[in-house]
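Work through the exercises below with the structure at hand. Try each task before reading its solution.

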Amino acid sequence: MAVVLSVYLGKTRGGIEIVMIDYAKALSSLGYESYLLSSKGRDYIDYLRNSGLKLNLLCSRSINPFTILQFILFLRRLKPEVVFLHGTRAILIGSKWYIRKLFPKIKFVGVSHGVTDKRYSKLEYVIAITKFLANSFKDLGIPHIYFCPNKTRILPFEEQRNRRDPIVIGSIGRLSSSKGFDVLINALKVLKQRGFSFKLRLAGFSLEDLEKGIDISDISDEIEVLGWISDKESFYKSIDIYVSASRVEPFGLTIIEAMSHSIAVIATETQGGKEIISSGENGVLVSLEDYQGLSEAIYDLSRLEDKDFNFLRFNGYKKAKTEYNLENLPKDLNNIILNILSMKA
């Protein structure tokens with residue numbers, strides 16, 4: 001079987017390193033010789049090490065001549081036939097003309113997790129995680145574009161799931177403006193003023209960091225901040241409604257994770273949110289940055305009759321199982337690799 005190298009050089013943990021691990025494990029399960037490449041000093045390195053996959057690390061966190069030389073030496077030693085470049089920093093190295101000149105037989109494949117800038121146009125092969133991205137790459141004139149959405153592990157559907165009193169709302173992500181946690185906080189402040197009882201569980205950052213950037217004083221008693229979590233299954237079991245209030249979300253990995261755990265989902269109309277959710281059928285969509293609309297959506301969803309609430313939960317679960325099932329990833333990637341390897345260098 002072919003040797004495949006997966007590269008991620010991002011600055012912080014998030015969702016891309018999770019997807020890279022999923023790719024590498026899927027390929028290993030098929031018999032491919034699968035390696036990881038990242039850089040030392042990143043906060044996600046322990047996660048990569050714990051994957052059990054063969055991990056190689058660049059010594060420097062910055063992209064400089066020494067980093068590029070190391071990259072070249074790894075390519076010479078590992079002799080991959082396919083290199084998956086996850087994210088723009090990996091693209092920056094793998095798309096350099098002299099790299100492709102030195103290794104003309106290697107197929108460098110850009111995996112876009114939300115960006116369609118000109119750096120990708122230097123590559124012949126690109127994987128897009130949404131149909132929107134795939135169409136955007138067509139405009140860049142990239143010869144070979146593959147659609148492969150991110151996937152997640154699907155658990156058995158929970159037929160009986162009694163909502164708690166007060167209702168428990170959950171959200172996971174990096175603490176950045178793009179994730180819209182301030183929008184969610186403002187929506188819940190409105191609900192508290194209306195006398196609506198709730199609990200909010202947040203994961204992915206610390207309480208100290210949250211308090212530095214967002215005023216939570218009015219609802220501090222209702223908020224529990226869990227920090228970075230590894231046991232997502234326990235998190236999803238502890239909530240009734242999942243909310244993604246992002247301003248920007250190219251895909252929305254946590255949306256499909258919540259669906260796969262039989263959770264009802266509310267999301268903003270981001271690129272990813274709109275591609276995954278049909279509002280009123282398998283979840284609820286609200287306008288970007290509309291905290292008033294979000295507060296209404298949370299209130300209405302929490303007050304739905306059980307049959308209607310379970311209708312949304314089941315349809316969301318069915319969507320995740322049908323279109324985003326991690327069990328299908330080996331077959332999808334194998335088809336892509338075989339297609340790529342069949343083309344002349």
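The exercises that follow concern a predicted model.

**Exercise 1. Overall build**

Task: Find how many helices and strands the chain has, and decide whether its radius of gyration agrees with that of a compact globule.

Solution: 
- Step one is the count. The chain holds 14 helices and 13 strands.
- For 345 residues, a compact globule would have a radius of gyration near 20 Å.
- Step three is the comparison. The chain has 21 Å, so it agrees with the globule value.
- Step four is the outline. Along the principal axes, the C-alpha atoms fill a box of roughly 65 × 40 × 40 Å.

**Exercise 2. The largest pocket**

Task: Describe the largest pocket by volume, lining and contributing elements.

Solution: 
- Start with volume. The largest pocket has about 920 Å³.
- Next, take the lining. It is made of 48 residues, and Gly14, Gly15, Ile16, Arg174 and Lys179 lie nearest the centre of the pocket.
- Now assign elements. Those giving two or more residues to this lining are H1, helix H4 (88–94), strand E8 (167–172), helix H7 (181–193), strand E11 (241–244) and helix H10 (253–260).
- Pick the main contributor. H1 gives the most, with four residues.
- Finish with classes. The lining of the largest pocket has 21 nonpolar, 18 polar and nine charged residues.

**Exercise 3. The second largest pocket**

Task: Which element gives the most to the lining of the second largest pocket? Describe the pocket on the way.

Solution: 
- The second largest pocket holds about 690 Å³ of space.
- Its lining has 26 residues, and those closest to the centre are Ile18, Tyr47, Ser230, Lys232 and Glu257.
- Elements with two or more lining residues are H1, helix H2 (45–49), helix H9 (232–237) and H10.
- H1 gives the most to this lining, with five residues.
- By class, the lining of the second largest pocket has nine nonpolar, five polar and twelve charged residues.

**Exercise 4. Backbone and surface details**

Task: Locate a cis peptide bond, a positive phi and a nonpolar surface patch.

Solution: 
- Look at aspartate 165 and proline 166. A cis peptide bond joins them, with omega about 5°.
- Proline 166 sits in the loop between strand E7 (144–147) and E8.
- Turn to lysine 79. Its phi is near 55°, a positive value in a residue other than glycine.
- Now inspect the surface. Phe66, Leu69 and Leu73 make a nonpolar patch of about 310 Å².
- Leucine 73 belongs to helix H3 (residues 65–78).

Methods: Residues numbered from 1 in each chain as written. Predicted model: local features only at pLDDT ≥ 70, side-chain atom pairs only at ≥ 80, totals over all residues. Heavy atoms only, no water. Patch = residues over 30% accessible without salt bridge, like charges linked within 9 Å, V, L, I, M, F, W, Y side chains within 5 Å. Areas by Shrake-Rupley, 256 points an atom, 1.4 Å probe, with all protein chains shown as cover. Salt bridge = Lys/Arg side-chain N within 4 Å of Asp/Glu carboxyl O. Rg over C-alpha atoms; globule rule 2.2 N^0.38 Å. 1 Å grid on protein atoms, 1.4 Å probe; cavity = no way out; pocket = protein on both sides within 12 Å on 5 of 7 lines; lining within 4 Å. Points joined across faces, edges and corners; volume = space filled by probe spheres on them. Nonpolar A, V, L, I, M, F, W, Y, C, P; charged D, E, K, R; others polar.
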